[in-house]
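Q: I am new to this structure and would like to go through its packing. Could you take me through a few parts of it?

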Amino acid sequence: MLSTPVILTVAGSDCSGGAGIQADIKTISALKGYAASVITAVTAQNTVGVQAVYPIPPDIVRMQTESVMDDLKPAAVKIGMVHNAAIVRAIAECLQRFRPRFVVCDPVMVSTSGRQLMTEDTIHTIQEELFPLCSLITPNLSEASLLLARTVTDVEDMKQAARELADRYHCAVLVKGGHLSGTTMCDVLYGDNGFSLFEQQKIESCNLHGTGCTLSSAIATLAACNNGLEDAVRQAKAYISKAILHGKDLHIGHGNGPLCHFFPEEE
């Protein structure tokens with residue numbers, strides 16, 4: 001029998017299809033994984049912004065997770081938007097019970113405009129109960145700054161932040177530098193093998209909705225395919241670069257449009 005790695009995404013639903021559960025399923029499918037999903041919140045959003053968020057009751061989040069893990073035995077789990085502390089605890093309890101091999105958390109804590117998206121209680125619960133159960137966390141510059149209560153603005157700051165967060169939560173850390181100033185971006189990974197830096201030229205595009213969701217679900221999928229962490233991140237970065245490049249001329253919506261998750265393998 002053919003064996004396809006199952007990747008579980010635990011995140012909010014984006015009805016416009018560019019981020020959240022929808023972006024995760026597209027990414028996992030594009031990378032030849034089997035996508036299962038647990039919805040933590042239903043949102044009304046589009047390329048212009050988020051109009052409403054309706055959190056799913058924690059018991060339903062728990063039951064969804066148990067249903068998938070009991071039967072499908074996911075090789076990797078990606079965690080995205082979690083709206084409140086009770087949902088965080090429900091997810092953490094399931095991770096402790098089922099112990100999936102690889103867990104990546106994209107901590108969706110700060111909006112692109114810099115607005116904090118979670119209550120202090122939720123952020124505290126994520127740090128205390130969820131991060132220590134993860135294999136990898138992927139904060140951007142704003143989220144790393146929030147977690148450390150200091151500004152992270154350049155590559156040296158990112159290296160210090162990655163090491164400090166890794167020591168604090170006993171997991172690998174990828175600090176994302178997509179918002180670094182200049183024409184070059186750099187992501188900093190800190191794990192068992194020390195630092196790995198992933199540098200590349202920025203791709204000019206107005207269609208960047210869902211980049212964090214896409215990257216973290218790509219890493220989860222590639223890790224589920226028995227790639228080491230550094231290789232999984234490197235391949236995920238290559239995938240998302242192509243998704244941005246192929247999506248930069250798309251005209252979907254009137255604001256920050258989506259990536260192109262499906263593109264020809266041979267160019």
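A: The answers below concern a predicted model and take up some of its helices and strands in turn.

Q: At what angle do α5 and α6 pack?
A: Helix α5, residues 141-148, and helix α6, residues 155-169, pack at an angle of about 55 degrees. Their axes are 11 Å apart. That angle makes α5 oblique to α6.

Q: And is the crossing left-handed or right-handed?
A: The crossing in which α5 passes α6 is left-handed.

Q: Which residues meet there?
A: From α5, the residues are Leu141, Leu147 and Leu148. In α6 they meet Met158, Ala161, Glu164, Leu165, Arg168 and Tyr169.

Q: How many of those are nonpolar, polar or charged?
A: In the contact of α5 with α6, seven residues are nonpolar, two are charged and none is polar.

Q: Changing topic: which strand pairs with β5, and in what sense?
A: Strand β4, residues 76-79, pairs with β5 in the parallel sense, over four bridges. Isoleucine 79 has cysteine 105 in β5 as its bridge partner.

Q: Are the residues on the two faces of β5 buried or exposed?
A: Both faces of β5, residues 102-105, are covered. Phe102 and Val104 are buried on one side, and Val103 and Cys105 are buried on the other. In a regular strand, side chains alternate between the two faces of the sheet.

Q: What about α4: which residues are buried?
A: In helix α4, residues 120-130, the buried residues are Thr122, Ile123, Thr125, Ile126, Gln127 and Leu130.

Q: What covers them?
A: The cover over the buried residues of α4 includes the strands β4 and β5, along with α3 (85-98), α5 and α6.

How values were computed
Residues are numbered from 1 along each chain as its sequence is written. This is a predicted model: local features need pLDDT of at least 70, side-chain atom pairs count only at pLDDT 80 or more; totals for chains, interfaces and linings use all residues. Side-chain values use heavy atoms; hydrogens and water are left out. Axes are lines fitted to C-alpha atoms, for helices over the stretch in contact, and angles run from 0 to 180 degrees between N-to-C directions. Angles under 35 degrees count as roughly parallel, over 145 as roughly antiparallel, 65 to 115 as roughly perpendicular and the rest as oblique. A crossing is left-handed if the near helix is turned anticlockwise from the far one by less than a right angle, and right-handed if clockwise. Contact means heavy atoms within 4.5 Å. Ala, Val, Leu, Ile, Met, Phe, Trp, Tyr, Cys and Pro count as nonpolar, Asp, Glu, Lys and Arg as charged, and the others, Gly among them, as polar. Buried means under 20% relative accessible area, exposed over 50%, partly exposed in between (1.4 Å probe, protein chains only). Two strands pair if DSSP finds at least two bridges between them.
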